[in-house]
Amino acid sequence: MRDFIVICSAAGDRIRPQDPGFGRFDVIARCVNAALWTSHGLRDARISFWLAKAGKWLIFSPEMRKVNPDERSILLWIGKVLAGGNNPGITLAADAFEQRLQSMAPRKAYLLDEKGTAVAKVEIAEDAVFILGDHTGLEKEHREIIETALKPEAVSLGRQPYLSSHCIAYLNIELDHGQAAR
Ligand SMILES: C[S@@+](CC[C@H](N)C(=O)[O-])C[C@H]1O[C@@H](n2cnc3c(N)ncnc32)[C@H](O)[C@@H]1O
């Protein structure tokens, strides 16, 4: 299974439904859409968000039910799960930051970074783990822990900074092409 990890520096454990930008949960909702949806269903992928201000992980997988791909529906479900509600594919986990990273450690990891090696020159593993920053990029403290836990290879989609969700959509489509060619 493909994994995406997004470090969300502004996100805590509550949202304001009328203000999607609060805690930048709008970024999270767009990343969920990009990571999991194809036109007619859900991908065999998972996306985990480190909610830095809450010290918790919010994890989305294809087992989720009754969630639509639009930002409003995803935000509605985030609000429900943060308030203690259940959905089989949306989990709020109290694992420490490094604990969840270490649980993926045997796998090949790629840190999305404008200054990394051009992604076209890198052979991407089938069960890759991709790590991205949010709208503010990655803080030094988080980057150091990620580098120790996962020893990721830094890969770039070019010098132009893109939205995290666009990076995820691009990677999914590129990897689909690779799988189709095999
Ligand atoms: C919206 S960008 C943040 C860019 C912004 N310049 C900053 O760092 O403040 C969020 C994340 O997407 C990824 N990203 C954005 N553009 C990228 C690119 N061209 N190549 C690789 N990763 C990229 C990085 O992981 C980045 O932390």
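The following legends describe close-up views of a predicted model. Residues are numbered from 1 along each chain as its sequence is written.

**View A. The shell around the ligand.** The ligand is surrounded by 19 residues, a residue being near a molecule if its C-beta atom, placed from the backbone, lies within 6 Å of it. The closest are Leu112, Leu132, Gly133, Gly137 and Leu157. Two or more residues each come from strand S5 (109-118), strand S6 (129-133) and helix H5 (164-181); helices (H or I, at least four residues) and strands (E, at least two) are DSSP runs, numbered from the N terminus. S5 gives the most, with three residues.

**View B. The open sheet.** Seven strands form an open sheet in the order S4-S3-S2-S1-S6-S5-S7, with mixed pairing; two strands pair if DSSP finds at least two bridges between them. Strand S4 (90-93) and strand S7 (153-156) stand at the edges with a single partner strand each, so one side of each lacks a neighbour in the sheet.

**View C. The pairing of S5 and S7.** These two strands pair in the parallel sense over five bridges. Ala118 has Ser156 in S7 as its bridge partner.

**View D. Helix H1 on the sheet.** Helix H1 (residues 25-36) lies across strand S1 (2-8), strand S2 (45-51) and strand S3 (56-60), contact requiring C-beta atoms, placed from the backbone, within 7 Å. H1 runs at about 165° to S2; axes are lines fitted to C-alpha atoms, for helices over the stretch in contact, and angles run from 0 to 180 degrees between N-to-C directions.

How values were computed
This is a predicted model: local features need pLDDT of at least 70, side-chain atom pairs count only at pLDDT 80 or more; totals for chains, interfaces and linings use all residues. Two residues are in contact if their C-beta atoms, placed from the backbone, lie within 7 Å.
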